[in-house]
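This report describes one protein chain, element by element and then residue by residue. The sequence and model come first.

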Amino acid sequence: MELQKDDRTWGTLVHLGGIIGHAVFAAGGNVIGALVIWLIKKNDSAFVDREGKEAVNFQITIAILSLIVNIINGIRWGFWSFTRVFNGSNPWRDHSWNFEFFSTVALVQILWVLNLIFSILAAIEANKGKNYRYPVSWRVVK
C-alpha cells in the first residue's frame with residue numbers, strides 16, 4: 001500500500017518532535033514533543049503509529065540516560081565542592097576547575113548530539129516512507 005504524503009509528513013514530524021520539544025522545554029520536552037505528535041496522529045495512520053512508538057521509545061531512553069548522567073554529575077559536583085571547601089579553598093574564588101570536574105558534563109552534550117543525529121536520520125527515512133529503528137532504544141511503548 002502506497003503511503004500518502006500526509007503520512008510521511010507526520011512520520012517525519014514525530015521523529016523531529018523530540019528535537020522540537022527539547023528546544024521549547026529542556027527537561028523532558030523531548031519526550032513530550034514526540035508523544036504529543038504521536039498521540040494526535042496515531043489513529044490516522046499505521047505508519048505514523050509505528051514511527052511514533054519508535055520515536056517516543058528513543059526519546060524516553062535519551063531522557064532516562066540524561067537523568068542518570070545528571071544525577072552522577074550532581075553527586076560528583078557535590079563531592080568536588082565539599083572537598084575543596086574542607087581543604088580550605090574557596091571554589092568560587094580559586095578558579096582551578098579541572099578536567100575531573102567537567103568530565104561527566106560532556107556526556108549530556110554527547111547524548112543530545114546523538115539524539116539530534118538519530119532523530120534527523122529517522123526523519124529522513126520516514127520522509128521517504130521507510131520505517132526507521134533506532135540503534136539503541138528501550139522499548140517501553142509497544
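The model is predicted: local features need pLDDT of at least 70, side-chain atom pairs count only at pLDDT 80 or more, and totals for chains, interfaces and linings use all residues. Residues are numbered from 1 along each chain as its sequence is written, and side-chain values use heavy atoms, with hydrogens and water left out.

**Overall make-up**

The protein chain has five helices and zero strands, where helices (H or I, at least four residues) and strands (E, at least two) are DSSP runs, numbered from the N terminus. Read from the N terminus, the order of elements is α-α-α-α-α. Of the 142 residues in the protein chain, 36% are buried; buried means under 20% relative accessible area, exposed over 50%, and partly exposed in between (1.4 Å probe, protein chains only). Contact means heavy atoms within 4.5 Å. Among contacts between residues at least 6 apart in sequence, 71% join residues at least 24 apart.

**Helices α1 and α2**

Helix α1 (residues 5-24) packs with helix α2 (residues 29-41) at an angle of about 155°, and their axes are 5 Å apart. α1 is therefore roughly antiparallel to α2. Axes are lines fitted to C-alpha atoms, for helices over the stretch in contact, and angles run from 0 to 180 degrees between N-to-C directions. Angles under 35 degrees count as roughly parallel, over 145 as roughly antiparallel, 65 to 115 as roughly perpendicular and the rest as oblique. The crossing of α1 with α2 is right-handed, meaning that the near helix is turned clockwise from the far one by less than a right angle.

On the α1 side, the contact is made by Asp6, Trp10, Leu13, Val14, Gly17, Gly18, Gly21 and His22; on the α2 side, by Gly29, Asn30, Gly33, Ala34, Ile37, Trp38 and Lys41. The residues of this contact comprise six nonpolar, seven polar and two charged. Here Ala, Val, Leu, Ile, Met, Phe, Trp, Tyr, Cys and Pro count as nonpolar, Asp, Glu, Lys and Arg as charged, and the others, Gly among them, as polar. The buried residues in α2 include Val31, Ile37 and Trp38.

**Helix lengths**

The expected span of a helix is 1.5 Å times one less than its number of residues. The table sets this beside the distance between end C-alpha atoms.

| Helix | Residues | Expected span | End-to-end C-alpha distance |
|---|---|---|---|
| α5 | 23 residues | 33 Å | 34 Å |

Buried residues in α5 are Val108, Leu111, Trp112, Asn115, Ser119, Ala122, Ala123 and Ala126. Isoleucine 110 is also placed in α5, and its relative accessibility of 45% makes isoleucine 110 partly exposed.

Serine 66 sits in helix α3 (residues 46-86) and is buried, at a relative accessible area of 5%. Apart from neighbours within four places in sequence, serine 66 contacts Leu111 and Trp112. Between isoleucine 110 and serine 66, 44 residues apart in sequence, the C-alpha separation is 9.9 Å.

Glycine 129 lies in the segment after α5 (105-127), and its phi is positive, near 90°. Glycine 129 is partly exposed, with a relative accessible area of 25%. Beyond neighbours within four places in sequence, glycine 129 is in contact with Leu3, Arg8 and Phe47. Its C-alpha is separated by 8.2 Å from that of aspartate 7, 122 residues apart along the chain.
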